[in-house]
Amino acid sequence: MIKGPACAQRNARIDWLAAAGQRLLSERRKTVFWDEIDSKRFIDVTSRLEMTDGPIRFGDTKEGGMCSVRVASSIEGGRGSGRIANG
């Protein structure tokens, strides 16, 4: 973990495992949490995926994508008064 007055950074190495326990791929993830800039806060996520033990196939799931944010229903963009922007 790297900390400073404007941001904090976390680096991780993550092994993705199948239900039976075998490794499917390795991920190197860098997450930077930025303090307020123009009254907004930002999270930057950078991932590098490496196939380690054969081909990988990503399927469609209800859980979202590589970077998903779960929030309370009261602040959801579709049902509540919240707004989440990708940009």
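The residues that line the largest cavity divide into no nonpolar, one polar and five charged, where Ala, Val, Leu, Ile, Met, Phe, Trp, Tyr, Cys and Pro count as nonpolar, Asp, Glu, Lys and Arg as charged, and the others, Gly among them, as polar. The structure is a predicted model, in which local features need pLDDT of at least 70 and side-chain atom pairs count only at pLDDT 80 or more, while totals for chains, interfaces and linings use all residues. Residues are numbered from 1 along each chain as its sequence is written, and side-chain values use heavy atoms, with hydrogens and water left out.

The lining of this largest cavity is made up of Arg13, Ser26, Glu27, Arg28, Arg48 and Glu50. A cavity is here a set of points, on a 1 Å grid over the protein atoms alone, where a 1.4 Å probe fits but cannot get out, whereas a pocket is an open set with protein on both sides within 12 Å along at least five of seven lines; lining residues have an atom within 4 Å of a point. The volume of the largest cavity is about 40 Å³, a volume being the space filled by probe spheres set on grid points that are joined across faces, edges and corners. One cavity of 30 Å³ or more is found in a search of the whole structure. Strand 3 contributes the largest share of the cavity lining, three residues, and strand 3 and strand 4 each supply at least two; strands (E, at least two residues) and helices (H or I, at least four) are DSSP runs, numbered from the N terminus.

Ser26, one of the residues that line the cavity, lies in strand 3 and counts as buried because its relative accessibility is 2% (buried means under 20% relative accessible area, exposed over 50%, partly exposed in between, with a 1.4 Å probe and protein chains only). The side chains of Ser26 and Asp15 are joined by a polar contact of 2.9 Å, that is, a pair of N or O atoms within 3.5 Å, of which, within protein, one must be able to donate a hydrogen and the other to accept it, and residues adjacent in sequence count only if both atoms are side-chain atoms. Apart from residues up to four places away in sequence, Ser26 touches Arg13, Ile14, Asp15, Arg48, Leu49, Glu50 and Thr52, contact meaning heavy atoms within 4.5 Å.

Thr31 is also placed in strand 3 and is buried, with a relative accessible area of 11%. When neighbours within four places in sequence are left aside, Thr31 is in contact with Ala8, Gln9, Arg10, Ile43, Asp44 and Val45.

Strand 3 (residues 23-37) runs antiparallel to strand 4 (residues 40-51), to which 11 bridges join it, and two strands pair if DSSP finds at least two bridges between them. The two form a hairpin with two residues between them, and Asp38 in the turn has a positive phi of about 55 degrees; Ile37 has Lys40 as its bridge partner in strand 4. Strand 2 (residues 7-17) is likewise joined to strand 3 by 11 bridges and runs antiparallel to it, with Trp16 opposite Leu25 in strand 3. In the hairpin of strand 2 and strand 3, five residues lie between the strands, and Gly21 in the turn has a positive phi of about 105 degrees.

The second largest pocket holds about 180 Å³ of space and is lined by 10 residues, of which Glu27, Arg29, Ser47, Met66 and Cys67 lie nearest its centre. Its lining divides into five nonpolar, three polar and two charged residues, and strand 4 gives the most, with three residues.
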